[in-house]
Amino acid sequence: MTDLPDAAPGPRPGAAVKIVARAAQKRFPTRRGMVTAMESVDLEVAEGEFVCVVGPSGCGKSTFLRILAGLDHVTAGEARIVPGPDPTQPLNAVVFQEYAIFPWKTVLANVAFGPQMRGVPKREREALARRWLVKVGLERFEDYYPAQLSGGMKQRVSIARALAYDPQVLLMDEPLGALDAQTRAVLQEELLRLWEETRKTVVYVTHSIEEAVLLGDRVVVMTAHPGTVKTEFRIDLPRPRDLTTTSTPEFAALTGAVWEALRDEVRAAMAQGENEVAA
Ligand SMILES: Nc1ncnc2c1ncn2[C@@H]1O[C@H](COP(=O)(O)OP(=O)(O)OP(=O)(O)O)[C@@H](O)[C@H]1O
Ligand SMILES: [Mg+2]
């Protein structure tokens, strides 16, 4: 079964490089001098690949994602999305931990917002938004406002909105980080299903090793601040995956190996924090 091309993890053979980072560095001027958020990040992501990034708090994960999103710039090196052939297709959409949806717009209008920005006529964009709402199980809530929704529902709206925008790359920064464990598990399965359908190029930042191994084709481990890529793991668990994947010995071995690589970095980050408090 696992030798079917669709069940194989990782990019399709011969897939183009979609994201390139070479010696990407980011420094911020602060009152206490220059802070290096990212030291020298090297990473390539292939078209259609799902790459998860884990690393201790403050190692520069969000900084890296913001740079890929074009919201900030490197101070040396490069980090960019390689544009595809269709210049009208947006380069990226971002899903953050905090719900980045418009509180004054209905669920439907939120999801239709990206297509609206691209000039898609109203009927068409609403039909498109409805299709995405069905996929995330929110079709009965299209007239609701964000304040009337639970955290999990709001995050579903964010995900539907990002996908309705049809970006070349989906950038996700701890998108499920604020949710309770059960809601998070349900949304992990939904993300797996949506990704298997769309095969978008995804960079996904998470603090959960289990989540990274469950979702990703690859897990990149970053060092403590200032962050660089420490090591990476190819996740060759067969797809389609679901929560039962997490009870296999292969899954346990992979999460164990990732934790092994991450543990020293988390300790180093904690020691840095203690030094700062002492200073
Ligand atoms: N605008 C800024 N000005 C100054 N320093 C910044 C700025 N943004 C980030 N930093 C610093 O850069 C480093 C990396 O921050 P970043 O938010 O990218 O970390 P992170 O890996 O996303 O952490 P977390 O896991 O806690 O979200 C931190 O030391 C942070 O204080
Ligand atoms: Mg962050």
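Mentor: A residue is called buried if 20 or more other C-beta atoms lie within 10 Å of its own, exposed if 12 or fewer do, and partly exposed in between, with C-beta atoms placed from the backbone. The model is predicted, and local features are taken at pLDDT of at least 70 and side-chain atom pairs at pLDDT 80 or more, while totals for chains, interfaces and linings use all residues. Residues are numbered from 1 along each chain as its sequence is written, and chains are lettered from A and ligands numbered from 1 in the order in which they are written.

Helices (H or I, at least four residues) and strands (E, at least two) are DSSP runs numbered from the N terminus. The buried residues of α1 are Lys61, Thr63, Phe64, Leu65, Ile67 and Leu68. Just after α1, Gly70 adopts a positive phi of about 80°.

Two packed helices are described by the angle between their axes and the distance between the axes. Here the axes are lines fitted to C-alpha atoms, for helices over the stretch in contact, and angles run from 0 to 180 degrees between N-to-C directions. The axes of α4 (residues 122–135) and α5 (residues 151–164) come within 9 Å and cross at roughly 135°, which makes α4 oblique to α5. Angles under 35 degrees count as roughly parallel, over 145 as roughly antiparallel, 65 to 115 as roughly perpendicular and the rest as oblique. The crossing of α4 and α5 is right-handed, in the sense that the near helix is turned clockwise from the far one by less than a right angle, anticlockwise being left-handed. Leu128, Ala129, Trp132, Leu133 and Lys135 of α4 make this contact with Ala160, Leu163 and Ala164 of α5, and the residues involved divide into 7 nonpolar, no polar and 1 charged. Residues are in contact if their C-beta atoms, placed from the backbone, lie within 7 Å.

Helix α5 also packs with α6 (181–198), and the axes of α5 and α6 come within 11 Å and cross at roughly 15°. The two helices are therefore roughly parallel to each other, and the crossing of α5 and α6 is right-handed. In this contact, Gly152, Gln155 and Leu163 of α5 meet Thr183, Leu187, Leu194 and Thr198 of α6, a set that divides into 3 nonpolar, 4 polar and no charged. In the loop between β6 (169–173) and α6 lies Glu174, a residue other than glycine with a positive phi near 45°. With 19 other C-beta atoms within 10 Å, Glu174 is partly exposed.

Gly216, in the loop between α7 (209–215) and β8, has 29 C-beta neighbours inside 10 Å and so counts as buried. Leaving aside neighbours within four places in sequence, Gly216 is in contact with Phe50, Val51, Cys52, Tyr204 and Ile235. Arg218, found in strand β8, is buried with 21 C-beta neighbours inside 10 Å. Beyond four places in sequence, Arg218 touches Glu49, Val51, Glu232, Phe233, Arg234 and Ile235.

The bond from His225 to Pro226 has omega near -5°, with Pro226 in the loop between β8 (218–222) and β9 (227–234). The bond from Arg239 to Pro240 is cis with omega near 0°, and Pro240 lies in the loop between β9 and α8 (249–278).

Conventions: Two residues are in contact if their C-beta atoms, placed from the backbone, lie within 7 Å. Ala, Val, Leu, Ile, Met, Phe, Trp, Tyr, Cys and Pro count as nonpolar, Asp, Glu, Lys and Arg as charged, and the others, Gly among them, as polar.
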